[in-house]
Amino acid sequence: MVHEWALAESILLYIENQGVRRARRVVVKIGVLQSIDREILEFALREISRERGLEINEFTILEEEPLLKCNRCGFQWSIDPSKISEDIREAIHFLPESIYAYFRCPNCGSIDFEIVKGRGLGEIKVENYE
Amino acid sequence: MKTMSRDPRVLKAIKNLSEIQRVYLVISSKGGVGKTTISTLLALYEASRNRMTGLLDLDFVNPSTHVFLGLKPEELKYEEEKGVKPYTVKNNLFYFSIVSYTRDKPIALRGREAVNALWEILAIVNWGPLHSLFIDTPPGIGDEHVELLYTLKDKTKPIVVSTPSKLSLNSIEKLIQILKEAGFREIYLLENMGDGSLQNYAEENKLVYLGYIPKSSRLEESIGNTEKLLELDVATYIYNILSKLS
């Protein structure tokens, strides 16, 4: 699974576009649903930073647990990706919206639910930017 | 500390599309006018002219370009390399659809989810240097259209598909207004299942008329077979349209 490189490049293009070339720390929130490998993501962030000439001392990757909510009955629940079969986990890794093909609300059986949080790439914070 | 809010995947998406010379959004506010047929045929015929061509299916709720190409969801595998590479259908033709992930199961996506899926796909698929990319979009004007039209307007050219039917024309009039207001200077009109009767309409509305494709008597039996699709009775019309695009 190599989604991490695409996300790392997205993050760095984004902060660079905001005028950031140097930073003490970049904090990235990542949803657990997408089964992102934190080590690969951090490695990719460092490699791409180096290639693009960015000076960032530290990357902190925070994980956010998934929260799903049924749009029909309001029931809220979470999913542990490590307990999903490998092929479905991989589909969700590349495209979290694939979840709608495989899951239903465990309370009422509806396919109309939403990912409230913990989907994938979330908030990005830059400390001490210049 | 600075918190950044706008979607970080957008710049990566634009970078991924930057190596493509021409990106066409095949679009229509009216359903059933043949967007999928047109997207697939244009991509297939363009690739047959020895041009590196991509076909991207962004109709998440009802993806069907794979049916046209005769591909089963389970055989669609994307090579992984810092993201994913599109599937090679045949010489010069590269393809991506979410059916490899959803296995063509029904998914009910609300606007926010569709937009999320849109940026995820555009950010992870590395198309490489293509001559043309044709994007099949869902019918209507939903959140994902608005997102695409406003964010990628400098990179994409819309091909509006319409039949000569009054219902279709009534529907696309609103779409054309939205496209003009979004800032598109060049809007293509492709008349499907027609006889050329929309040429005047295109001129009156300052659209670039690409031409028409008559109803094909062999289309239905050719769906799923790319060789047969390349020998349609309407092939000349398709090549004429492609020559106007290049």
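Here is a chat about how two chains fold and meet in a predicted model.

Me: Let's start where the chains meet. How many residues of chain A are in contact with chain B?

Reply: 40 residues of chain A are in contact with 35 residues of chain B. Keep in mind that this is a predicted model.

Me: And what area do they bury between them?

Reply: About 3,400 Å², with 62% of it on carbon and sulfur atoms. Tyr14(A), Phe94(A) and Leu95(A) supply 18% of what chain A buries against chain B, more than any other three residues.

Me: How many salt bridges cross that interface?

Reply: The rule finds 5 between chain A and chain B. One pair is Glu9(A) with Lys15(B), whose side chains meet at 2.3 Å, N to O.

Me: Which parts of chain A touch chain B?

Reply: α1 (3-17), α3 (86-94), α4 (99-102), β5 and β6 (121-127) of chain A each supply at least two residues to that side. α1(A) gives the most, with 10 residues.

Me: How do the residues on that side divide into nonpolar, polar and charged?

Reply: On the side of chain A that touches chain B, 23 are nonpolar, 7 are polar and 10 are charged.

Me: Back to salt bridges. How many are there over all chains?

Reply: A search of the whole structure finds 26. Another pair to look at is Glu114(A) and Arg112(B), at 3.8 Å, N to O. That pair crosses between chains, from strand β5 of chain A to helix α5 (residues 111-124) of chain B.

Me: Why would side chains pair up like that?

Reply: Side chains of opposite charge can pair when their charged atoms come close.

Me: OK, sheets now. What's the strand order in the open sheet of chain A?

Reply: 3 strands, in the order β4-β3-β5, with antiparallel pairing. β4 (76-77) and β5 (113-117) of chain A each have a single partner strand, so one side of each is left without a neighbour in the sheet.

Me: How many bridges join β3 to β4 in chain A?

Reply: 2 bridges join β3 (residues 67-70) of chain A to β4(A). In one of the pairings, Lys69(A) has Gln76(A) as its bridge partner.

Me: What about chain B, how many strands form its open sheet?

Reply: 8 strands, in the order β4-β5-β3-β6-β2-β7-β8-β9, and the pairing is mixed. At the edges are β4 (87-90) and β9 (208-213) of chain B, each pairing on one side only. From one strand to the next, the twist averages 25°.

Me: Do β2 and β6 of chain B run parallel or antiparallel?

Reply: Parallel, with 5 bridges joining β2 (residues 22-27) to β6 (residues 132-136) of chain B. Val23(B), for example, has Leu133(B) as its bridge partner in β6(B).

Me: Which helix lies across those strands?

Reply: Helix α2 (residues 35-48) of chain B, which runs at about 165° to β6(B). The strands that α2(B) lies across include β2, β3 (53-57) and β7 (156-162) of chain B.

Me: Last one. Where is Phe103(A), and what does it touch?

Reply: Phe103(A) is in the loop between α4 and β5 of chain A. Leaving out residues up to four places away in sequence, Phe103(A) touches Ile79(A), Ile84(A), Ile88(A), Ile92(A) and Phe113(A). Phe103(A) and Phe113(A) are 10 residues apart in sequence and 9.3 Å apart in space, C-alpha to C-alpha.

Note on methods:
Residues numbered from 1 in each chain as written. Chains lettered and ligands numbered in written order. Predicted model: local features only at pLDDT ≥ 70, side-chain atom pairs only at ≥ 80, totals over all residues. Heavy atoms only, no water. Pairing = 2+ DSSP bridges. Helix = DSSP H or I, 4+ residues; strand = E, 2+ residues; numbered from the N terminus. Contact = heavy atoms within 4.5 Å. Buried area = accessible area lost by both parts, 1.4 Å probe. Salt bridge = Lys/Arg side-chain N within 4 Å of Asp/Glu carboxyl O. Nonpolar A, V, L, I, M, F, W, Y, C, P; charged D, E, K, R; others polar. Axes fitted to C-alpha atoms, helices over the stretch in contact; angles between N-to-C directions.
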